[in-house]
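Please open the model in a viewer and keep the selection panel at hand.

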There are 2 protein chains.
Amino acid sequence: MNNSNKPTEPVSSQFVPTDRTRVRRYPARARYERATIEAILDEGMVCHVGFVHDGHPFVLPTMYVRDGERILIHGSPLSRMLTGAAEGLALCVTVTLLDGVVMARSAFHHSMNYRSVAIIGRAREVIEPTAKLAAMRALVERLIPGRWADVRQPTPGEIAGTRVLEIPLLEASAKVRTGGPVELAEDESFPVWAGVVPLSLTPGEPISDAKLAPGIEAPEYVRRWRCAGRRP
Amino acid sequence: MNNSNKPTEPVSSQFVPTDRTRVRRYPARARYERATIEAILDEGMVCHVGFVHDGHPFVLPTMYVRDGERILIHGSPLSRMLTGAAEGLALCVTVTLLDGVVMARSAFHHSMNYRSVAIIGRAREVIEPTAKLAAMRALVERLIPGRWADVRQPTPGEIAGTRVLEIPLLEASAKVRTGGPVELAEDESFPVWAGVVPLSLTPGEPISDAKLAPGIEAPEYVRRWRCAGRRP
């Protein structure tokens with residue numbers, strides 16, 4: 001494995017905020033504990049990767065997985081984002097989970113409950129085929145636990161045709177808003193309902209592929225599939 | 001209203017892809033029709049705003065609303081992102097909706113169904129208090145239709161304490177993946193279930209604020225609240 005981004009010292013339970021990751025707005029919502037940051041990263045399925053190209057910012061969604069002290073993303077070797085990233089371009093990887101619509105008595109204090117993580121860093125390309133295969137496995141297994149052993153394994157050509165990047169999980173912060181509306185004491189008697197409508201990303205019934213051969217049923221890990229935050 | 005970003009000519013039903021918005025990877029997933037782009041923007045609740053600060057990319061989630069041919073975002077005048085944006089910083093605003101987990105017979109072809117829009121542009125600050133109030137109303141009403149008339153209206157101080165930015169919806173593209181797995185013909189007989197687990201962001205039961213006065217019930221627009229894509 002290409003472990004060069006992995007620290008050799010014991011991992012700290014806290015991230016040290018830097019100029020780039022310190023939460024400035026609503027500092028009470030800032031979280032720097034590793035456990036909080038990892039839990040958010042392990043629940044999300046898509047990250048938004050920001051990079052600079054010709055002086056302009058670009059933000060693209062992509063799948064990812066946290067693997068210890070790094071984030072893995074993958075895609076085509078032809079991707080502009082991945083090519084730039086493989087060349088050491090600075091990235092910001094942001095993961096956001098939406099938890100609720102916060103309805104205050106005052107228009108001004110309406111908000112959303114959310115948990116987000118921003119990671120700043122430079123990517124390193126994972127080159128070695130065994131390490132790339134392990135990354136592909138991590139991506140599938142995190143999304144659908146139990147899936148890897150059932151599916152047709154990647155060929156050498158597919159491994160070669162996948163660019164895998166790792167971003168070190170070294171410079172990161174989280175921002176978390178939970179709970180009900182926070183508003184002025186003088187508004188508390190305003191005669192309107194206030195509270196939260198919780199939100200969750202929920203699965204529907206599995207839809208079988210049109211070309212599925214007769215007699216093949218969805219396995220339990222598909223029928224009982226849940227978002228990572230709601231798995232038993 | 002600060003309408004200076006609104007085109008005076010009839011709005012085209014198609015966006016013209018530019019070097020910055022043309023979808024390069026999976027061009028079959030690219031969408032440039034205005035109706036598709038607007039529908040995605042009108043369904044999302046949070047966008048990811050990318051900007052460059054000291055040469056580094058940053059990506060922050062924030063609420064937004066589409067209002068005609070512009071995107072409105074808001075926040076504190078102290079926000080670093082909004083301050084830079086108000087000064088004409090280039091932005092990329094990306095909205096992503098997750099629609100499903102795509103399970104192929106081959107590990108390599110696992111994917112996600114999604115709809116995303118990326119908008120490139122420079123923000124302009126909305127200064128005039130009546131226009132800012134209209135933007136605040138649009139933000140609340142898009143999130144919770146019917147809410148505005150019920151709540152305590154913004155004071156002049158709250159309006160002054162909110163920075164509102166508009167980003168013109170002029171340079172934009174969408175990327176959409178729908179349907180089942182796409183894989184090699186030779187894999188179609190591989191004996192494993194393949195298909196899609198659909199995903200949707202769904203509301204739970206409303207949670208009343210702890211300080212809610214007795215006798216105040218959640219109104220119908222709260223009890224029946226749905227994400228914008230699922231409203232009747």
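**Stop 1: the β4–β5 pair of chain A**

Begin with β4(A) and strand β5 of chain A, residues 70-75, which pair in the antiparallel sense over two bridges. Strands here are DSSP runs of E with at least two residues, helices are runs of H or I with at least four, and both are numbered from the N terminus. Two strands count as paired if DSSP finds at least two bridges between them. This is a predicted model, in which local features need pLDDT of at least 70 and side-chain atom pairs count only at pLDDT 80 or more, while totals for chains, interfaces and linings use all residues. Residues are numbered from 1 along each chain as its sequence is written, and chains are lettered from A and ligands numbered from 1 in the order in which they are written.

Within this pair, select A:Val65; its bridge partner in β5(A) is A:Leu72. Then extend the selection to the open sheet of four strands in chain A, whose order is β4-β5-β9-β8 with antiparallel pairing. Its edge strands are β4 (65-66) and β8 (124-126) of chain A, each of which pairs on one side only.

**Stop 2: chain A as a whole**

Five helices and twelve strands are found in chain A, and its C-alpha trace spans about 65 × 50 × 40 Å along the principal axes. Of its 232 residues, 40% count as buried; a residue is buried with 20 or more other C-beta atoms within 10 Å of its own, exposed with 12 or fewer, and partly exposed in between, C-beta atoms being placed from the backbone. Contacts are pairs of residues whose C-beta atoms, placed from the backbone, lie within 7 Å. Among contacts in chain A with a separation of 6 or more, 73% join residues 24 or more positions apart.

Move to A:Gly229, in the segment after α5 (220-223) of chain A. Is A:Gly229 buried or partly exposed? A:Gly229 is partly exposed, because 15 other C-beta atoms lie within 10 Å. Select A:Ala39 as well: A:Gly229 and A:Ala39 are 190 residues apart in sequence, and their C-alpha atoms are 8.3 Å apart in space.

**Stop 3: the interface and its axis**

Display both chains. How many residues of chain A are in contact with chain B? The contact involves 84 residues of chain A and 84 residues of chain B. On the side of chain A that touches chain B, β11(A) supplies the largest share, nine residues. The residues of that side divide into 52 nonpolar, 18 polar and 14 charged.

Select β12(A) together with strand β11 of chain B, residues 195-203: the two pair in the antiparallel sense over two bridges. There, A:Ser208 has B:Gly195 in β11(B) as its bridge partner.

Chain A can be laid on chain B with an RMSD of 0.0 Å by a turn of 180° and a shift of 0.0 Å along the axis, the superposition being by least squares on the C-alpha atoms of residues with pLDDT of at least 70 in both copies. That is the relation of a two-fold axis. To locate the axis, select A:Leu201, which comes closest to it among the residues of chain A, at 2.1 Å (C-alpha).

**Stop 4: the sheet of chain B**

Strand β5 of chain B, residues 70-75, pairs with β9(B) in the antiparallel sense over six bridges, and B:Ile73 has B:Leu165 as its bridge partner. Strand β8 of chain B, residues 124-126, is joined to β9(B) by three bridges, also antiparallel; here B:Arg124 stands opposite B:Glu166.

Finally, select B:Ile119. Leaving aside neighbours within four places in sequence, its contacts are B:Ile71, B:Val93, B:Ile167, B:Leu169, B:Glu171 and B:Ala172.

Conventions
Contact = placed C-beta atoms within 7 Å. Nonpolar A, V, L, I, M, F, W, Y, C, P; charged D, E, K, R; others polar.
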